[in-house]
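Subject: Structure handover

Hello,

Here is the structure for you to look over. My notes follow below it.

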Amino acid sequence: MIMAAGGDGDEYLFEAALFVPLTLVSGSIFYMSDDNARRTLLALGVGWMPVVLMFTYGWVSGGDTDSLPPVPGMVMWWLFSLQAILVGLNVGTTS
């Protein structure tokens with residue numbers, strides 16, 4: 001409903017399909033033990049990396065950028081992926 005406010009909603013089907021599972025996984029991480037939550041975040045970060053790299057390659061190769069996400073969105077996804085991987089690997093935490 002939020003994503004379809006500007007149009008008929010058909011062009012946002014992919015985003016909605018991503019939003020629902022990510023929301024369920026994010027909500028379930030709060031109820032997991034610390035070790036399981038870190039493993040889940042590591043799996044998410046590693047799973048996002050191929051997509052982030054594919055879109056980044058489209059920007060750095062100099063191809064047609066009309067079908068690619070905007071640069072601020074790419075920076076956001078790089079930060080999300082790297083943060084999930086670093087938290088999943090327990091980098092920068094103290095016991």
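Predicted model: local features only at pLDDT ≥ 70, side-chain atom pairs only at ≥ 80, totals over all residues.

A helix here is a DSSP run of H or I with at least four residues, and helices are numbered from the N terminus.

The protein chain averages a pLDDT of 81. Of its residues, 84% score at least 70. Confidence is lowest in helix H1, residues 13-29, with a mean of 81. It is highest in helix H3, residues 71-88, at 89.

Overall fold

The protein chain has 3 helices and 0 strands. From the N terminus, the order is α-α-α. The chain has 95 residues, and 15% of them are buried. Now take the contacts between residues at least 6 apart in sequence. Of these, 52% join residues at least 24 apart.

The largest pocket

How much space lies in the largest pocket? About 870 Å³. Its lining counts 25 residues, and the closest to the centre are Leu18, Leu22, Trp48, Trp77 and Phe80. Which helices contribute? H1, helix H2 (34-60) and H3 each supply at least two lining residues. The largest share is from H1, with 8 residues. By class, the lining holds 20 nonpolar, 4 polar and 1 charged residues.

Tryptophan 78

Tryptophan 78 sits in helix H3. Is this residue buried, partly exposed or exposed? Its relative accessible area is 26%. Buried means under 20% and exposed means over 50%, with partly exposed in between. Tryptophan 78 is therefore partly exposed. What does it touch, leaving aside neighbours within four places in sequence? The contacts are Met49, Val52, Leu53 and Thr56. For valine 52, the C-alpha atom lies 6.7 Å from that of tryptophan 78. Along the chain, those two residues are 26 apart.

Asparagine 90

One backbone angle to check: asparagine 90 has a positive phi of about 65°, yet it is not a glycine. Where is this residue? Asparagine 90 lies in the segment after H3. Its relative accessible area is 40%, so asparagine 90 counts as partly exposed.

Where to start

For the pocket, you could begin with the residues closest to its centre, among them Trp48 and Trp77.

Best wishes

How values were computed. Residues numbered from 1 in each chain as written. Heavy atoms only, no water. Buried < 20%, exposed > 50% of the residue type's maximum accessible area, 1.4 Å probe, protein only. Contact = heavy atoms within 4.5 Å. pLDDT = per-residue confidence, 0-100. 1 Å grid on protein atoms, 1.4 Å probe; cavity = no way out; pocket = protein on both sides within 12 Å on 5 of 7 lines; lining within 4 Å. Points joined across faces, edges and corners; volume = space filled by probe spheres on them. Nonpolar A, V, L, I, M, F, W, Y, C, P; charged D, E, K, R; others polar.
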